Amino acid sequence: MIEVKNVNKSFDGKQVLFDISANLLEGHANLIIGQSGSGKTVLMKSVAGIHRIDSGEILYDGRNISQMKSNELNLLRREIGMLFQGSALFDSLTVKDNVMFPLRMFSNKSEEEMEERARFCLERVDLLRALDLYPSEISGGMQKRAAIARAIVLNPKYLFCDEPNSGLDPKTSLLIDRLILEITHEYNITTIINTHDMNSVMEIGENIVFISKGHKSWQGNNTEIYDTGNEDLENLIFASDLYKKIKKAHQMGI
Amino acid sequence: MFGKQYVRELHKQGINSLPIVCIISVFIGAVICIQMRINTESPFLPSQLTGYATRETMILEFSSAILCLILAGKVGSNIASEIGTMRITEQIDALDIMGVNSANYLILPKILAFVTMIPCLVTFSITTGLLGGFGVALFTEMITPMEYEQGIQYSFLPYSIQYSIEKSLVFAFIVTSIASYYGYTVKGGAREVGKASTNAVVNSSVIILLFDVMLTKLLLS
């Protein structure tokens with residue numbers, strides 16, 4: 001579990017996060033949602049240790065990362081997998097080499113063992129056929145799946161996903177969402193997903209943290225989200241006619 | 001992994017630069033030879049002077065300083081744009097989040113590889129430049145091959161080669177470190193990557209010229 005306690009963060013004197021506290025649950029998909037510019041990416045990057053926070057605590061199973069030295073932080077980072085918005089695959093390496101990269105850097109396995117592990121992860125995301133292709137030769141959805149395979153190759157305890165569905169069609173988005181959720185449950189990972197895709201919220205939102213203007217405005221799950229009474233959240237989630245109809249149907253018990 | 005990166009960079013920055021170094025050096029060697037011959041055509045000056053001047057120009061200035069200015073364009077812009085693109089596409093963030101020291105992994109092999117390869121490129125440039133001048137002697141009637149050969153052997157100081165290589169080692173470090181700095185610190189998008197690449201070339205060229213003056217004063221006087 002990751003505990004976020006009273007976190008404040010500012011850039012060049014401009015405060016972006018205000019006293020945020022939240023629990024991110026182990027073995028669940030934890031979603032950070034909010035409008036563009038609300039501070040959700042800053043929160044996720046702060047939790048991941050990419051940004052140093054100004055004050056507060058971030059505890060990874062009791063270990064406070066804001067007090068860690070850089071070598072301790074580097075060790076912790078080996079327990080973290082991250083899926084970036086643009087996949088961030090190394091474009092000079094093939095899909096297989098991208099997945100094997102963390103193993104080559106941090107494991108003592110033989111080349112055969114590393115290849116076996118990479119194949120296993122790529123099979124898990126149904127991407128064995130793209131083994132020897134370069135990132136530029138595969139589709140956006142396949143790039144996301146390759147990035148997921150790279151993120152889980154070292155058996156991480158924590159998985160961060162920054163807008164995993166951006167730039168994908170609804171069907172592929174659903175596929176990626178379900179894949180992330182399956183992996184989260186299968187390996188008991190604490191998964192943190194930063195998104196503003198409402199389909200994802202409804203599909204995999206087991207623990208949702210809503211950020212509004214840098215403040216935590218609401219926390220709950222995808223069944224509780226229909227009746228929050230939070231105006232900002234409702235304006236975000238039920239902005240479209242489709243979701244207004246879904247909410248109405250839910251309230252009528254359909 | 002570091003070793004592999006280093007070998008890849010040796011190939012990319014060194015071997016891949018050979019064609020451009022060869023083409024430029026041959027033609028500049030030929031042009032220097034022609035111009036020297038035209039400008040020193042006098043009954044009071046020996047015709048061997050053409051070969052001598054071509055050799056001195058190639059060794060002392062062209063194959064170290066001018067070659068590094070040219071390579072600042074090729075290698076420097078390549079490094080700045082490659083690292084800059086990795087920055088804006090979050091590939092560097094991906095390395096950092098994995099716990100990899102991204103600067104060490106990306107920049108150090110580039111600097112070491114270019115510093116390793118530059119003596120080879122300088123030697124290759126001197127050789128091909130002198131061959132360019134020899135081509136002029138061979139295919140024109142401006143100077144005989146014998147006179148050119150005598151000229152390039154006349155009063156040769158091996159220290160000139162050492163001086164040229166020492167200068168180029170400093171220039172190679174300047175080109176790669178400045179380009180890496182501009183690439184690594186890019187913020188924004190494609191426009192900023194282009195800007196970083198231009199800044200890397202312009203600034204490394206200016207610093208090479210400054211160091212060229214300082215090193216010449218230090219090493220030759």
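In what order do the four strands of the open sheet in chain A stand? The views below come from a predicted model, and the first of them answers this.

**View 1. The open sheet of chain A.** The strands follow the order E2-E1-E4-E5, and their pairing is antiparallel. Strand E2, residues 14-24, and strand E5, residues 63-64, are at the edges of the sheet; each has a single partner strand, so one side of each is left without a neighbour. Strands of a sheet pair through backbone hydrogen bonds, either parallel or antiparallel.

**View 2. Strands E4 and E5 of chain A.** Strand E4 covers residues 55-60 and is joined to E5(A) by two bridges. The two strands run antiparallel. Across this pairing, A:Tyr60 has A:Arg63 of E5(A) opposite.

**View 3. The cysteine A:Cys121.** A disulfide is a covalent bond between the sulfur atoms of two cysteines. How far is the sulfur of A:Cys121 from the closest cysteine sulfur? The distance is 15 Å, to the sulfur of A:Cys161, which is too far for a bond. A:Cys121 has a relative accessibility of 1% and therefore counts as buried, the cut-off being under 20%.

**View 4. The cysteine B:Cys33.** In chain B, the cysteine sulfur closest to that of B:Cys33 belongs to B:Cys22. The two sulfurs are 17 Å apart, too far for a bond, because a disulfide needs them within 2.5 Å. B:Cys33 is buried, its relative accessible area being 1%. Over all chains, the count of disulfides is zero.

**View 5. The largest pocket.** This pocket holds about 360 Å³ of space. Helix H3 (49-88) and helix H4 (91-98) of chain B are the elements that each give two or more residues to its lining. Which of the elements gives the most to the lining? H4(B) does, with three residues. In total 15 residues line the pocket, and those nearest its centre are A:Lys45, B:Arg87, B:Asp93, B:Val186 and B:Lys187. Sorted by class, the lining has seven charged, five nonpolar and three polar residues.

**View 6. The second largest pocket.** The volume here is about 270 Å³. Of the 18 lining residues, A:Ser92, B:Gln5, B:Arg8, B:Glu82 and B:Met86 lie nearest the centre. Four helices of chain B give two or more residues to this lining: H1 (2-14), H3, H4 and H5 (102-139). Its classes are seven nonpolar, six charged and five polar residues. Rolling a probe the size of a water molecule over the atoms shows where empty space is left.

Definitions and conventions: Residues are numbered from 1 along each chain as its sequence is written. Chains are lettered from A and ligands numbered from 1 in the order in which they are written. This is a predicted model: local features need pLDDT of at least 70, side-chain atom pairs count only at pLDDT 80 or more; totals for chains, interfaces and linings use all residues. Side-chain values use heavy atoms; hydrogens and water are left out. Two strands pair if DSSP finds at least two bridges between them. Buried means under 20% relative accessible area, exposed over 50%, partly exposed in between (1.4 Å probe, protein chains only). On a 1 Å grid over the protein atoms alone, a cavity is a set of points where a 1.4 Å probe fits but cannot get out, and a pocket is an open set with protein on both sides within 12 Å along at least five of seven lines; lining residues have an atom within 4 Å of a point. Grid points are joined across faces, edges and corners, and a volume is the space filled by probe spheres set on the points. Ala, Val, Leu, Ile, Met, Phe, Trp, Tyr, Cys and Pro count as nonpolar, Asp, Glu, Lys and Arg as charged, and the others, Gly among them, as polar.
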